[in-house]
Amino acid sequence: MGELNNSVISEFVLLGLSSSWKMKMFLMFIFSLLYLGIILGNLLIFILVILDCHLHSPMYFLLANLSLIDVGLSSTTVPKMITDLLHEHKVISFKGCMTQICFIHIIGGVEMVLLIAMAFDRYTAICKPLHYLNIMNPKICVLFVTIGWVTGIIHAMSQFIFIIKLPFCGPNEVDSFYCDFPRIIKLACIDGYQLEFIIAANSGFMSMGTFFLLILSYAFILVTVWKRSKGDLSKAFVTLSAHITVVLLFFTPCMFLYVWPFPTTPLDKYLFIVDFAITPILNPAIYTLRNKDMKTAIKKLHRQSQYVRFC
């Protein structure tokens, strides 16, 4: 990879999650089940939204896109993490490491924008129901998704252009199960404090900004429901509590790692298991098990599975 940045290192060694063979087998079993659930659950949502005309609405359009993004985000790290649990010597090439970093931040940026779009959709539906279809029209929905991809690419590339030029001459051990900016910067042969500050300003600002926008939108929804229901927030809080839980789980690792110029700690890699393996499986659980339209569509698909389309 010398043509890229004059690096001596051609690969990185991932230390992974555990050195115990029994723990490795246990983790491989758990993460294999989680990844299978992520793939099946999210693809089920995507297929249902395409096939069932009753789900052709702004909320489900955004949900289908979120499902694909969750599959993509999980697939950047979990399959390799599972296979690495079978090997004593876990390595990733320099090019593979840079590619993984790039895709993590692109897809992560898209997911943040989609979460904002979905919160805005719920805010509009609850707080401005008479104007909902005019505001959340198909063009706006497509615009949200487009903005998500543009934001994700700009977010990733604005950091990636600095990292790809760093010289790496050793050591090459990454105390994690995946590659990311903070740990890779620590391995560079230069003082990376300024780069750490740039990464913290970029990813930290994006994480904190998105988190507070989401919390603010949920607060507006709760206040609106409280005013209209004469103080009874029980139903609204039950509905939103699962969404708020997912937001907290998704953004806590991001803010823990990126909000300030890091030192990295061993805790970081365990926190990011939540982003890569837990929240991607929670989304389909929340939006199918707790959603009447989705449950109806699943029953209809089951009854008429011999048809390509059932509406």
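Good morning. I begin with Ile30, a residue that is partly exposed, at a relative accessible area of 30%. Here buried means under 20% relative accessible area, exposed means over 50%, and partly exposed lies in between, with a 1.4 Å probe and protein chains only. The model is predicted, so local features need pLDDT of at least 70 and side-chain atom pairs count only at pLDDT 80 or more, while totals for chains, interfaces and linings use all residues. Residues are numbered from 1 along each chain as its sequence is written, and side-chain values use heavy atoms, leaving out hydrogens and water.

Ile30 sits in helix H2, residues 21-51. Helices (H or I, at least four residues) and strands (E, at least two) are DSSP runs, numbered from the N terminus. Together with Met23, Phe26, Phe29 and Leu33, Ile30 forms a nonpolar patch on the surface, with about 470 Å² of accessible area together.

I turn now to the aromatic rings. How many aromatic pairs does the structure hold? The count is 13. Rings of Phe, Tyr and Trp (its six-membered ring) pair if their centres lie within 6.5 Å; planes under 30 degrees apart count as stacked, over 60 as edge-to-face and the rest as tilted. Phe120 and Phe144 make a tilted pair, 5.9 Å centre to centre with 55° between the planes. Phe120 belongs to helix H5 (residues 94-127) and Phe144 to helix H7 (residues 138-163), so this pair ties together parts that are 24 residues apart in sequence. Phe120 is partly exposed, at 32% relative accessible area, whereas Phe144 is buried, at 17%.

The rings of Tyr178 and Phe276 have centres 5.1 Å apart and planes at 75°, so that pair is edge-to-face. Tyr178 is in the loop between strand E3 (173-174) and helix H8 (181-186), and Phe276 is in helix H11 (residues 266-289), 98 residues apart. Are these residues buried or exposed? Tyr178 is buried, at 4% relative accessibility, and Phe276 is buried, at 3%. Ring pairs also link Phe177, Tyr178, Phe272 and Phe276 into a cluster.

Finally, the cavities. On a 1 Å grid over the protein atoms alone, a cavity is a set of points where a 1.4 Å probe fits but cannot get out, and lining residues have an atom within 4 Å of a point. Three cavities of 30 Å³ or more are counted. The largest cavity holds about 170 Å³ of space. It is lined by 16 residues, and those closest to its centre are Ile104, Gly108, Met112, Cys254 and Tyr258. H5 gives the most to this lining, with five residues. Thank you.

Note on methods
Patch = residues over 30% accessible without salt bridge, like charges linked within 9 Å, V, L, I, M, F, W, Y side chains within 5 Å. Areas by Shrake-Rupley, 256 points an atom, 1.4 Å probe, with all protein chains shown as cover. Salt bridge = Lys/Arg side-chain N within 4 Å of Asp/Glu carboxyl O. 1 Å grid on protein atoms, 1.4 Å probe; cavity = no way out; pocket = protein on both sides within 12 Å on 5 of 7 lines; lining within 4 Å. Points joined across faces, edges and corners; volume = space filled by probe spheres on them.
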